[in-house]
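Please work through the exercises below with the sequence and the model at hand. Each task is followed by a solution in steps.

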Amino acid sequence: MRAALSASNLELDTSVISWVNNVRLDLNLIAVLEAIMLERNVTRAASSLSMSQPAVSNALRRARKLTKDQLFLKTATGVQPTSRMVTMWPELHRSLTAIRASFTPEDFDPVSDATSFRIAVTDSLAMEGVSAITLKLQAASPRARVAFAVHTHGSSLEGIDRGTLDCAVGMFASLPRDVHVQSLRTDRYVCVMRSGHELTQSLTLDQFTAAAHVLATPSGLELGLVDGWLSLTGRTRTIVAVVNHFGDALRIVAQSDLLTCVPLGYFNGPWRAIADERRLVVRDLPFETEKLLYKLIWHERLHTHPAHQWFRSLVGDVCGSPFDGSPIEDAAPAAQA
């Protein structure tokens, strides 16, 4: 075990090294802790490991005895890690990932591979991206599994760092040094209102700020990117509702005089047919904004892993271009008609 860790050139926490050396820890026991940490449920952990629940529970009892800590506490939906487990987790997960990678054959075969992938996808891409990734994965790698998580900037970065996410798709202004990034595509925010709204003929900065708005943000915060750009003009807007999904915001404005701002690619893609049916209208924002840059991020620990390299390529293919197949900017005039 000591030689394997040395060969992997891992910088392990000294307490973890001491634990491994003193108790000659079984790698299977670490794998059980990893599965419970990822699934946050003993039954699901057992299923992911192809083990019985009693066997996983027994392994957990052994780990508790070795660490003299509960490691996981029961909740209404499963289990939550103790502070000791949270402290141990990054190095344990990094160690397992490196050891697995060292034994992974160079010739990766997606048809026979049974890797489980965990990914977060931002709301503006999730409506089409989640289904497209799932279907493409199942067609190419029928034994693989994918689990999607809700994306926010903070939760995705935390998940990548902790190892509860393998990769994430979103807009990230800054990233830690041990996180890799791939640019996917650009987009821009537009203002959406119902057909017949008085502002469909003209939308000035004064009219935009005087109107009432619906803000869509998965974080639930009461300010978004648009508000940051608007503040550079010395202005603010009136937000009367904050929702978590762009689709909810569009449904609201379709039945009211409220305005909302969404990425044009989202409007032209999954919402195009619905928008036409509900007679929604797009207008350019009446002030300077920056382009949105969608990125795919992943941790250094998975950078050279063949299965994850293949999966990231699949995600990049799916999320790297508009879902309607046309350039986002070229679709703008039609959307504003």
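The model is predicted, so local features need pLDDT of at least 70 and side-chain atom pairs count only at pLDDT 80 or more, while totals for chains, interfaces and linings use all residues. Residues are numbered from 1 along each chain as its sequence is written, and side-chain values use heavy atoms, with hydrogens and water left out.

**Exercise 1.** Describe how helix 3 and helix 6 cross, and list the residues in contact.

Step 1. Helices are DSSP runs of H or I with at least four residues, and strands are runs of E with at least two, numbered from the N terminus.

Step 2. The axes of helix 3 (residues 27–39) and helix 6 (residues 83–103) come within 10 Å and cross at roughly 120°. Axes are lines fitted to C-alpha atoms over the stretch in contact, and angles run from 0 to 180 degrees between N-to-C directions.

Step 3. Helix 3 contributes L27, I30, A31, L33, E34, M37 and L38, and helix 6 contributes M85, W89, L92, H93, L96, I99 and R100. Contact means heavy atoms within 4.5 Å.

**Exercise 2.** Which residues of helix 11 are buried, and why do they lie on the same side?

Step 1. Buried means under 20% relative accessible area, exposed over 50%, and partly exposed in between, with a 1.4 Å probe and protein chains only.

Step 2. In helix 11 (residues 246–253), the buried residues are F246, G247, A249, L250 and V253.

Step 3. Because these residues cover an arc of only 160° around the axis, they are on the same side of helix 11. The arc is that of the directions from the helix axis to the C-beta atoms.

**Exercise 3.** Characterise the salt bridges D284 to R188 and R251 to D248.

Step 1. A salt bridge is a side-chain nitrogen of Lys or Arg within 4 Å of a carboxyl oxygen of Asp or Glu. By this rule there are ten salt bridges.

Step 2. The closest N and O atoms of D284 and R188 are 2.8 Å apart. D284 lies in the loop between strand 11 (280–283) and strand 12 (292–299), and R188 in the loop between strand 6 (179–187) and strand 7 (189–194), so the pair ties together parts 96 residues apart in sequence.

Step 3. D284 is partly exposed at 37% relative accessibility, whereas R188 is buried at 16%.

Step 4. R251 and D248 meet at 3.3 Å, N to O. Being three residues apart in helix 11, R251 and D248 are separated by about one helical turn.
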